[in-house]
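The following report describes a predicted model. It takes up a sheet, the nonpolar cores and a contact between domains in turn.

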Amino acid sequence: MADLFSAGLKALESAGAKFGDVRTEERIAYAIRMSNGQIENVSQVRRTGWGLRAFVDGAWGYASGTSFTPAELAAAAKRATAIACANAAAGVKKTSLRGVPSGRKTYQAAVKVDPADISGEEKVALTRELEGAMRGGAVSSTLGLYNESSIAYELANTAGAHVAWREVRVRLAAQAIAQEGDRQEMAFDAKDASAGWEFIRTIDPAAFGREVGTEAAERLQAIKPPAGLQTVILDPDASGLLAHEVMGHASEGDEITKQRSFLSRVVGKRVGSALVTMYDDGTFPGAHGSIPVDSEGSPAHKTTIIDRGVYQGYMQSLETAGTLKVRPTGNGRAQDFGRRVWVRMTNTYFAPGRDTKDAIVEDTKDGVLTKGWISGMEDVVGGGFQAVTQSGWIVKDGELRERVRGMTLTGKALAILKSVDRVSKDLVLSGGTCGKGEADDFVPVGAGGPYMRAQVVVGGG
Amino acid sequence: MDLLELAPDAVAKARARGADAAEAYAIRYATRHVYIEDDVPKVAEDRSEVGLGLKVARGKRVASASTTLAGAADVAAVVGTAVRGLGQVPEDPDFSGFATEGGRGEVAGVYDPATADAGVEGLLEAARTFVDAAKARKGISVPKATFRLQDYAVRVVNSNGVDASHRGTLAYAYLTVKHGSGSNVGEGVLHGAQPSLKAIDFAALGETCARRAAENREARAYTGKLTGVAVIDPQELGALFLQSVGGAVTAQNVQKKRSPWAGKVGQDVGSASVTIRDKPRLPRGLVSCASDDEGAATRDRTLVQAGVLKGYVADTYHARLLGAEPGNAFRRSAFSLEGAYARPAENHVSNLVLEPGVKSLEDLLRGVDRGVYVEKFAAPELNPISGAFACEVRNATVIEHGERKEHVKYALLTGNFYDGLRNVDGIGRDLEPVPSFYGTPGCAYVPPVAFAGFELVGQA
């Protein structure tokens, strides 16, 4: 492997790259999908390759391949540098990099029991137990999913860095559909971590499955949520969507250097109530978006985005740190060896407060409490919020009343944050993938927070 | 050597290692990608990958494995992994073998040699055309846009003698432009996808994106409530159509009771003007191919005729369970080949066509007494089981007595899409391809459609 890195880096330098790096990746993934008592798919994926990039006066050229020979890397280095030179000549703004890693380091994954050491039979039995527990009553269709991935990376750059690390993730997910006449309702939940099989052992698959099955059946009785501006108690999933989709995406450094973000000029200004604190934290133990280093070799970091309502700063890659003259924050991430590095989030969440969820409910005269997430969409330019929840409850006179169907939460993010008046002491993160507005460029992330009460526009159902 | 030639080796090796049957899917693809930032090309990629997906069976047990493919050693490794997997999975009583009737030939216009040869230079020219057209309008900048070309070749071989090959090209663009600066800005966003670069009119996309950004900037936050006719732009409608109808018509979802259209063949699911076809043989279609990703021959079929549900699309497995024809097993998404070999071939629509009407968009709008024309949602998403949706509107125009009035934003369009299909007020004539995003196979071909019964609700 040393020959490969050496061939790539030398070719980058001799072709005229001012900076360059070479990244290799070996990804092993295992998946089980089981539905209505039958296996739908059991598969193992091995994906391996290399990617290199050349930086020339503010422009980047990338090339990648799957054949591990020094000659292939040398040829690719020339192509990448030629692309970067052509783009630099086309008038791209000159930029410099800041905080380029230069040391040698190996990071071990924090895994106690490697999922690869667990037999396929045990994993199938786990998925079967989860899936089987959902069935019964009004539940008409079930889906149990188990996923694991182990990705080994190695990176070397022209500044002398050589970094190796491994990321291991596991995930157990359940989906149930309940039916009554023509009406169908769905419930979905997942438990995931950057961890090994020891995390799976903390889950009771039967209890998890029963919970999702029961939830789907209960939703058959759910009514349409009230529409318009409402007092909403956001559950940790909905809090996470607000943190990730609007405040998180708009705090990515490349959206700031382009002045595309509605948060481009707000450092030091109040953007939320004093109860609102928000972080992006790649070091969060065991969370889905946690990483030891980013795809540029910068160590993961806990970045304060909002501190007690006042906006603090942005997430950075090497290049945006150079442009904005700050330190990189370990947020230069790429989907895989073939893809470019962007500024990407890791685990983005609102900090917990001092209330209990029950106390917030008891203090709410009229409103709704959300439960579970389906999707969210960023609005970097306008700061608008759109999130779709799975379900919820009407809150009346301090009590949970009728179940309500999934709802769309919307409104201007800063107006919502400024209206936050109660925050619970819970902190729950959920895992997912983020596409940065692109349709096919995904990295694993976490998002979440506490229960937060705010004024939010509700629609749908 | 051409690594696709290793596909039959994989099948033979799997059988030699103890599998009764095997199916190998090999794909080779190259990608060129240009990212525009602040009006100029900032990042460009040139990448290539070859991969192999292998499915093996012994009796009623089935297992899969896949690998990046660099040589014969990778074939031996993936065969070993897949065959070992057979010892770890339970029997599937419904499994009855792989595809038996292979597809032959290519569909016209799926492979474009000029696109395959265009390279990064070709993309840069497309990007320049788009940026120049957008910036022709005063106050416009292009902070972020991406342009991509892919060319690919696929070979599917199985132990039943199926040996199917096809090739193709894909051009794709994700385009955003901004009007204004500081806190008073508007944004226009569009996608473009075709099998050839020349089929995308980048100048027109630039002009449309710029117009939408300017209109978005001047739009007012909608207040109040409007119940009338909603005309939805194809790019937004296509996504809603795929999430609902695209899932409802697959035999897999029907058999697993995940489809709201299960058991409804012969029943009304749409207005009389609604006819829906799955067309894998559509010339210049984004998903067009003579054989699907199991190697099975594809066939065009009518799913909804004049509002009546006629049938479903099926892969080999579910075709046998439901007594249908196979040909709808896919791995790749409609606009990208990335990771296709690593995903299982599953039952999906191909080119799902909502048959067009005869009216232009302007004629459609002229027929609206009171309603809204929606060009852009924050995210066109719905509940695929119930059909319920509430999408935030980013670009829309209020229509009164057939005339375009004010531009509005920050409102929710709410309703139920399955109900909407039964209340179609008019169908436009101009089809646009809209790929399913997030890696899911399938592509909608839809015109603008006017729906009665949806509601526009202001946030203020």
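## A six-stranded sheet in chain A

In chain A, six strands form an open sheet with mixed pairing, in the order β11-β10-β9-β14-β21-β20. Strands β11 (310-311) and β20 (428-434) of chain A stand at the edges, and because each has a single partner strand, one side of each is left without a neighbour in the sheet. Helix α6 (residues 236-248) of chain A packs on this sheet, where it touches β9 (278-281), β10, β14 (347-350), β20 and β21 (443-449) of chain A, and its direction makes about 120° with that of β21(A).

## Nonpolar cores

The largest nonpolar core comprises 240 residues, of which Ala10(B), Leu52(B) and Leu54(B) touch the most other members. Beyond its neighbours within four places in sequence, Ala10(B) is in contact with Ala24(B), Leu52(B), Leu54(B), Val75(B), Val78(B) and Val79(B). Another core, of 65 residues, lies apart from the largest one and includes Val271(A), Met345(A), Phe385(A) and Val404(A).

## Domain contact in chain B

Chain B is divided into domain 1 (3-218) and domain 2 (221-458), and the centres of these two domains of chain B, taken over C-alpha atoms, are separated by 22 Å. Their contact takes 44 residues from domain 1 of chain B and 38 residues from domain 2 of chain B.

On the side of domain 1 of chain B that touches domain 2 of chain B, β6(B) supplies the largest share, five residues; by class, this side has 21 nonpolar, 15 polar and eight charged residues.

How values were computed. Residues are numbered from 1 along each chain as its sequence is written. Chains are lettered from A and ligands numbered from 1 in the order in which they are written. This is a predicted model: local features need pLDDT of at least 70, side-chain atom pairs count only at pLDDT 80 or more; totals for chains, interfaces and linings use all residues. Two strands pair if DSSP finds at least two bridges between them. Helices (H or I, at least four residues) and strands (E, at least two) are DSSP runs, numbered from the N terminus. Two residues are in contact if their C-beta atoms, placed from the backbone, lie within 7 Å. Axes are lines fitted to C-alpha atoms, for helices over the stretch in contact, and angles run from 0 to 180 degrees between N-to-C directions. A nonpolar core is a set of buried Ala, Val, Leu, Ile, Met, Phe, Trp, Tyr and Cys residues joined through C-beta atoms within 7 Å. A residue is buried if 20 or more other C-beta atoms lie within 10 Å of its own, exposed if 12 or fewer, and partly exposed in between; C-beta atoms are placed from the backbone. Domain bounds come from an automatic or database domain assignment. Ala, Val, Leu, Ile, Met, Phe, Trp, Tyr, Cys and Pro count as nonpolar, Asp, Glu, Lys and Arg as charged, and the others, Gly among them, as polar.
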